[in-house]
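Here is a short report for a reader new to this structure. Keep the sequence and the 3D view open while reading.

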Amino acid sequence: MADTHTCNHGDHGHEAHKPKNVSSDPNAIYTCPMHPEIRQVGPGSCPKCGMGLEPLIADDSENEELIDMTKRFWLAALFTIPLFIISMGDLLPGQPISKIISPSIKVYLELLLATPVCLYSAWPFYVRGIDSIVRKSLNMFTLIGIGVSVAYIYSLVATLFPSWFPGSFRDSSGHVAVYFEAAGVIVTLILLGQVLELRARNQTGEAIKKLLGLAAKTARRINEDGSEEDVPLENVQLDDKLRVRPGEKVPVDGIVIDGKSNIDESMITGEPMPVEKSQGDKVVGATVNGTGSFVMKAQKIGADTLLSRIIHMVAEAQRSKAPIQKLADIVSGYFVPIVIVVAIVTFIVWSNYGPEPAMAYAIINSVAVLIIACPCALGLATPMSIMVSTGRAATMGVLFKNAESIEIMRKVTTLVVDKTGTLTEGRPKLVTVLPNEGIQENDFLSLVSSLEKGSEHPLAEAIVRGAEERSVASQEVNDFESVTGKGVMGIVAGKKVALGNKALMEQQNISIENVLEKAESFRKEGQTVMFVSIDSKFAGLVGVADPIKGTTQEAINELHKEGLEIVMLTGDSATTAQAVANKLGIDKVIAEVLPEQKVEAVSKLQAEGKVVAMAGDGINDAPALAKAQVGIAMGTGTDVAMESAGVTLVKGDLRGIVRARKLSRTTMANIKQNLFFAFVYNAAGVPVAAGVLYPAFGLLLSPMIAAAAMSFSSVSVIANSLRLRTTKI
C-alpha cells in the first residue's frame with residue numbers, strides 16, 4: 001500500500017499486555033488515529049505515538065482498549081482516594097491523620113496503596129514508553145512513563161532506605177519527603193483522560209456505524225422454478241431475481257424488472273421525499289421500500305454496492321491527513337525531546353538554586369514538566385475534526401475523498417460545471433427527427449438508433465429510447481467506431497451511417513451548409529443537434545433536449561451567494577449551451593470543447609489565479625476533475641468520474657456543493673480552534689510547571705494538577721471536534 005507504514009504483530013514487544021480495540025473481522029485493517037499512514041492487519045499500538053490502533057472501518061464490536069483502560073482506572077481510583085486522604089489529610093485543621101496514624105506507619109500505608117496503581121494500572125504506560133525509546137520515536141507515553149516511574153521509584157527508595165539521602169533531600173524536621181500520592185493521582189487522572197478520550201473517539205465513528213447498520217441482513221430470492229426463499233445477504237449473486245416487499249430494505253444495487261413503488265433514498269441523498277421507481281429504474285441497496293412491491297435484478301453486490309463504496313470512501317477520508325496538520329506534525333516531532341531537556345534543566349536549576357529541600361523540589365517540578373507536556377492534544381486536533389466532519393458530510397449526501405478536499409473547498413473561487421448530467425438530468429429525450437426529403441422517418445430513425453446502441457453517451461441512450469417508444473425496430477451494426485468528441489460511425493443494414501457534430505461531417509467531407517441555420521434554431525430552444533449522413537451523403541438532423549434538474553436553479557443562486565463564479569464547460573454547441581446558461585444565470589460559457597480541451601480550460605482558469613472546483617459526471621470529465629483543485633463527481637455518473645474526484649455528490653444535486661463548502665469552512669474553523677487550544681496550553685503549561693512563576697508569585701504547579709490539565713486538554717479537543725456533529729450547516 002503506497003505511503004503506508006505496515007507493522008507486523010511480532011514488532012510490538014509486550015503484545016500480551018497491550019490493550020486492543022478488536023474488530024469482529026479477523027482480517028480488519030487497523031490504523032492510528034493520529035498517524036493514518038500506520039496500517040496493519042489486527043490490533044496493536046502505534047509505533048510512532050503509542051496510541052492503541054483502531055479498525056479502519058468502525059463497527060459495532062466492543063472496544064477492548066476502552067474496557068481495559070476503564071478497569072485499570074476504577075482499580076486506580078479505588079486505591080488512590082484513600083492514598084490521597086492519608087497523604088493530604090493533615091492539611092486540614094488539627095492534622096487529623098497524624099493523630100490516628102504515626103508518620104512511620106503512614107508512609108508504609110502510602111506505599112501499600114500506591115503500588116497496585118503504579119504497577120498494575122500504569123503498566124500500559126510503561127510498556128508504550130519503553131517501546132517509544134526502543135523505536136527512537138519519543139511520544140506522550142515516554143513522558144508519562146518517565147514521570148510516574150521517577151515519582152514512584154524515588155518515593156519507594158525514600159521509604160525503604162531513608163538513610164541513603166543527604167540533607168538536600170530532607171525537610172526542616174529531617175524527613176525525606178515521598179510523593180506516592182502524586183504518582184497515584186497522576187496515573188488515575190491520566191487513565192480517566194484516556195477513558196474519556198476513547199469514549200469520545202468512539203463517537204467520531206458513529207457515522208460509519210450508522211451506515212453499516214443500514215444494510216439489509218437478508219434478501220428474498222426468486223429461484224428458477226418460481227419458488228421464493230429468504231437468504232443471507234452475502235449469498236446473493238449477480239443477476240439474482242429478488243422480491244422487495246412493502247416496508248423492506250432494498251438488499252443490493254440493481255434494476256427494477258417488474259412492479260413499481262416509492263422508495264425512501266434519504267440514507268444516501270439526505271432528501272426526505274420518496275422517489276418513484278418502476279420497470280427499468282435503478283434501485284440502491286439499503287434504501288427503504290414504500291407501500292408497493294417489485295422484483296429487481298441484482299447488479300452490484302458486496303463491496304461493489306453504493307453503500308459499501310460510501311462506507312469505504314468515508315473511512316479513507318476520515319483517516320487522511322489535511323495539509324494544515326503538517327505544522328502540528330513538525331511541532332510534535334520536536335516537542336517530546338525538547339520537553340525532556342526542559343525537565344532536566346528544571347531539575348538542575350531547582351537542585352542548585354531552589355529552597356530547602358532543594359532536591360525534593362527539583363524532582364517534583366521536573367515530574368510536573370514531564371506530565372503536563374503531553375503532545376496528544378496537538379496530534380488529535382486535526383484528525384478528530386476530519387473524522388467527525390466526513391461522517392457528518394456522508395449523512396448529507398456529500399462524500400469527501402480525503403481531508404485535503406475539505407481544506408481546499410472553502411478557498412474555491414470558480415466552479416466549472418459540465419452541462420449534461422450535472423446541470424441537466426442527464427436523461428435527455430429525443431425531440432426532433434428531421435430526415436431529408438425522400439427518406440422515411442422510421443427508416444431514418446431505425447438506422448440512427450441502431451448505430452447509437454453501440455454508444456454509452458447519454459444522448460445515444462435518448463435516441464435509442466425514443467426509437468423504442470415509437471416502436472421502431474433496430475438492425476444489426478458492423479464496424480462500429482466511436483470518434484472521441486465528434487460522434488459515431490458504422491455499417492447498418494449494409495449502409496455506411498455517421499452521426500455526430502459539425503466536426504465529424506467536415507472530417508467526412510460532407511456539406512451541411514444548407515441546414516446550419518435550421519440546426520441553430522433548434523439549439524436556441526436548448527436542443528443538442530446531431531447531423532446524420534448515410535453513404536457519405538447528408539441525410540438529416542436529430543435533436544435531443546436534456547431537461548434542467550429541478551434543483552439546479554436553486555443551487556446556482558446559492559452558489560452565487562457564496563461568491564462563486566460559475567463557468568459552464570461543455571462539448572455541446574455554443575448556442576445550446578448559451579440557451580441553458582441564460583436560463584440559469586451562469587456567468588461564463590465555454591462550449592464545443594473536446595474532452596482533452598476540458599483540462600486546458602481548467603488550466604487556463606487556474607493560470608488566472610483562480611481556485612477551481614470542477615463538477616462533472618462522465619468518463620470524459622475525469623481528466624478535468626483530476627486537474628481541478630477540487631474535483632466534484634455527481635454520484636449519478638460513472639465510477640471513473642468518482643475515482644478522479646475529491647468530492648462525490650451522491651444524489652448528483654449541485655446543492656451538495658453549497659453544503660460541502662459550508663462544512664469545509666466550519667471544519668477548518670474547528671481545526672484552528674483545536675490547534676489554538678493545544679498550542680497555547682502547551683506553551684503556557686510547561687513554563688508554569690518548570691516554576692517560572694515561583695520567584696515572583698511563589699506559585700508551583702503540583703504534578704497532580706498537571707496530570708488533570710493534560711487529560712483535560714485532549715478531552716477538550718475531542719469534545720470541540722464533536723460539536724461538528726450538530727453544528728448547523
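## Cysteines

The model is predicted. The count of disulfides in it comes to 0, where a disulfide needs two cysteine sulfur atoms within 2.5 Å. Take cysteine 46. The nearest cysteine sulfur belongs to cysteine 32 and lies 3.6 Å away. Cysteine 46 is in no disulfide, because the cut-off is 2.5 Å. Cysteine 46 is buried, at 4% relative accessible area. Cysteine 118 is buried too, at 0%.

## Helices

Start with α1, which covers residues 64–88. This helix has 25 residues, and at 1.5 Å a residue it should span 36 Å. The C-alpha atoms at its ends are 35 Å apart, which agrees. Where does α1 bend? The bend, about 25°, is at threonine 80. A proline, proline 82, follows within four residues.

Next comes α11 (358–372). From first C-alpha to last, α11 reaches 21 Å, close to the 21 Å expected for its 15 residues. Is α11 mostly covered or mostly open? It is mostly covered, with 14 of its 15 residues buried.

The loop between α10 (325–353) and α11 holds proline 357. A cis peptide bond joins this proline to glutamate 356, with omega at about -10°.

## Two loop residues with positive phi

Lysine 136 has a phi near 55°, a positive value in a residue other than glycine. Its place is the loop between α4 (123–134) and α5. Lysine 136 counts as exposed, because its relative accessibility is 77% and the cut-off for exposed is over 50%.

Serine 536 is not a glycine either, yet its phi is positive, at about 65°. Look for serine 536 in the loop between β19 (527–534) and β20 (537–545). At 43% relative accessible area, serine 536 is partly exposed.

## A nonpolar patch

Which residues make a nonpolar surface patch of about 450 Å²? They are Tyr108, Leu160, Phe161 and Trp164. Leucine 160 sits in helix α5 (residues 140–160). Its relative accessibility is 41%, so leucine 160 counts as partly exposed.

## Salt bridges

Side chains of opposite charge can pair when their charged atoms come close. How many salt bridges does a search of the whole structure find? The search finds 22. Three of them are set out here.

| Salt bridge | N to O distance |
|---|---|
| Glutamate 228 and arginine 220 | 2.9 Å |
| Aspartate 230 and arginine 220 | 3.2 Å |
| Arginine 655 and aspartate 653 | 2.8 Å |

The pair of aspartate 230 and arginine 220 links distant parts of the chain, 10 residues apart. Aspartate 230 is in strand β6 (residues 228–232), and arginine 220 is in strand β5 (residues 218–222). Aspartate 230 counts as partly exposed, at 47% relative accessibility. Glutamate 228 is also partly exposed, with a relative accessible area of 28%.

These residues belong to a network of salt bridges. Its members are Arg220, Glu228, Asp230, Arg243, Arg245 and Glu248.

Now turn to arginine 655 and aspartate 653. Are these two buried or exposed? Arginine 655 is buried, with a relative accessible area of 18%. Aspartate 653 is buried as well, at 7%. Both count as buried because their values fall under 20%.

Key: Residues numbered from 1 in each chain as written. Predicted model: local features only at pLDDT ≥ 70, side-chain atom pairs only at ≥ 80, totals over all residues. Heavy atoms only, no water. Buried < 20%, exposed > 50% of the residue type's maximum accessible area, 1.4 Å probe, protein only. Patch = residues over 30% accessible without salt bridge, like charges linked within 9 Å, V, L, I, M, F, W, Y side chains within 5 Å. Areas by Shrake-Rupley, 256 points an atom, 1.4 Å probe, with all protein chains shown as cover. Salt bridge = Lys/Arg side-chain N within 4 Å of Asp/Glu carboxyl O. Expected span 1.5 Å × (residues − 1). Bend = angle between axes of the 7 residues up to and from the residue.
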